[in-house]
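Please examine the sequence and the structure shown below.

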Amino acid sequence: MEPTRHVPRRIRTLNRRSFLGVSLGSAAGLGAALSFAPELARARPIEPASGAASERATNVIFMVSDGMSFGTLTLAEIMKRVRDGKSTSWVQMWGMPGARRAVMRTASADSLVTDSSAASSSWGCGEHINNDAVNFTPDKRTPVPILVQAAQNGMATGLVTTTRITHATPAGFIANCPSRNAEDIIAEQIIQRGVDVALGGGSKYFPEKLLATRPNLRVLRTRADFEGLPPVGGGPIAPVLGIFEKSHLLYELDRGETDPPLADLARGALKRLERSPRGFVLQIEGGRVDHAAHANDAPSLVAEQLSFDRTLGAVLEWMQGRDDTLLIVTTDHGNANPGLTLYGPETYRGLERLAQAKHSFEWLFEQLGMKLTYDDAGAGTHLSEEDRVASVVREATGVQLERDELSAFIAALRGKHRELFAPMSGASSVLGSCLANHFGVGFISPNHTSDFVEVTAIGPGSGLIGPFIDNIDLHGVMTAAVRMAPARAI
Ligand SMILES: [Zn+2]
């Protein structure tokens, strides 16, 4: 059987121009300085699977491990295998009957290296837009985001994340905004556009005055609130907004018993949304995978990815015995491209050390506090500055830094360290490089990368996904899978 028979030709193979993400012939108006101009791609809507009624999905679950280079997926898989003797849910999914895999291009309209808002918007509205914007095109149009379109189609909607709920990735499914940083406006749109279940962080963007505009909204602020949420009855789903931190939820390594784990949030959202008579669209994001990659923080990166993977396991468990749900699991872009780079037994010793880390770099830097350690020269402690830094690093990571590593890190904390590849001069990248000597995990930068990324999908509609796709193609896959009627302007 030809597995891609339902896929229109134009999304099966990217043409050369599109593949490169550059438009060689369009630079005239931009002056001679820029001979490779970013391409401005337009939506290429795909057709529904031809007449296959059984291919129709009722629900769509779109899972994003934000900023997940393939090396991150690999590290999580290796850690899971050496620690638990079994594969991650993501890798297990590859062997499931009917699972579809693709490689996805991630460039935005104005950059080969995308940011999360342009990437999420590409799925949210099916168009390439510029970095920093949210469903706001370079020519200032505001295409209807997929959750708004879903609601117009009578479907329920949900957003679940470990970042602020107003952050780029959830915003890409619900909001229109020229800047991802206008999170107060994105918060207003989340409220006004009526997301049924929204769970994450970001309470600072939801003042009481805003919450009062949606009187039937149940607001959850603590893990106890979340766990005490009564099940939905037979009627319409009462909307819920969980905002468990002022900003992002805590990193997995620092979370303790405070914030609810991502897997629980996903289960909670599914329990409500499954009551929708006309199906639902739910986005679930492991948002701090990206943050750990930016920080070159290997232990947190692995812990966040494994938390995302437990969430995927929970979703797959929910899907067992159902044939009505399209699940797409992917990432928006690579980030920092981590990888194990030691040979032989040293690899395992590195992993063992990495598995013993207790806290994130975020926690570590908070403990150091530039004011305490540098402006006040270690005031309040009898330890010398070096001892103080070494002990905090040891407490967080379990690693005793060597003397030359420690002095490089301290210089970086003071802004006085210089790597030849300049972006690696920041204090967290320098610490990440020092720890690479102990963990064996190296990073290429603290930034996103242009790498192609993994897409895995299962369920009705997944057959629409060709082997090599563009990020905007997934919008058409979702709307076609559930036969969503075209959006009305808002
Ligand atoms: Zn990022």
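The model is a predicted one. Its protein chain contains 21 helices and 16 strands. Of the 490 residues in the chain, 59% are buried. Contacts between residues at least 6 apart in sequence are the basis of another figure for the chain: 74% of them join residues at least 24 apart.

Phenylalanine 62 belongs to strand β3 (residues 59-65), whereas tryptophan 123 belongs to helix α5 (residues 116-125). The pair therefore ties together parts that are 61 residues apart in sequence. Phenylalanine 62 has a relative accessible area of 0% and is buried. Tryptophan 123 is likewise buried, with a relative accessible area of 0%. Together with Phe173, Phe62 and Trp123 make up one aromatic cluster.

A further pair consists of phenylalanine 70 and tryptophan 94, with ring centres 6.4 Å apart. Their planes are at 15 degrees, so this pair is stacked. The pair links distant parts of the chain, since phenylalanine 70 is in helix α3 (residues 70-84) and tryptophan 94 is in helix α4 (residues 89-94), 24 residues apart. How accessible is phenylalanine 70? Its relative accessibility is 42%, and phenylalanine 70 therefore counts as partly exposed. Tryptophan 94, at 25% relative accessibility, also counts as partly exposed.

Attention now turns to the packing of helices. Helix α16 (residues 361-368) and helix α20 (residues 427-439) have axes that come within 12 Å and cross at roughly 115 degrees. The crossing of α16 past α20 is right-handed. On the side of α16, Phe361, Leu364 and Phe365 make the contact, and on the side of α20 the residues are Ala427, Ser428, Leu431, Gly432 and Leu435.

Helix α8 (residues 183-192) illustrates how other elements cover buried residues. Its buried residues are Glu183, Ile186, Ala187, Gln189, Ile190 and Ile191. Among the elements that cover the buried residues of α8 are β5 (156-164), α7 (168-174), α9 (208-211) and β8 (240-243). Just after α8, glycine 194 adopts a positive phi of about 70 degrees.

Serine 69 is located in the loop between β3 and α3. Is serine 69 buried or exposed? Its relative accessibility is 3%, and serine 69 therefore counts as buried. Leaving aside residues up to four places away in sequence, serine 69 touches His333, Gly334, Asn335, Ala336, Asn337, Pro338 and Thr449.

Serine 276 is likewise a loop residue, placed between α12 (262-273) and β9 (280-286). At 11% relative accessibility, serine 276 counts as buried, because the limit for a buried residue is under 20%. With residues up to four places away in sequence again left out, serine 276 touches Ala156 and Ile237.

Valine 219, by contrast, is placed in strand β7 (residues 218-220). Its relative accessibility of 26% makes valine 219 partly exposed. Apart from residues up to four places away in sequence, valine 219 touches Leu211, Asp225, Leu241 and Ile243. Valine 219 and leucine 199 are 20 residues apart along the chain, and their C-alpha atoms are separated by 9.8 Å.

Key:
Residues numbered from 1 in each chain as written. Predicted model: local features only at pLDDT ≥ 70, side-chain atom pairs only at ≥ 80, totals over all residues. Heavy atoms only, no water. Helix = DSSP H or I, 4+ residues; strand = E, 2+ residues; numbered from the N terminus. Buried < 20%, exposed > 50% of the residue type's maximum accessible area, 1.4 Å probe, protein only. Phe/Tyr/Trp six-rings, centres within 6.5 Å; stacked < 30°, edge-to-face > 60°. Axes fitted to C-alpha atoms, helices over the stretch in contact; angles between N-to-C directions. Left-handed = near helix turned anticlockwise from the far one by under 90°. Contact = heavy atoms within 4.5 Å.
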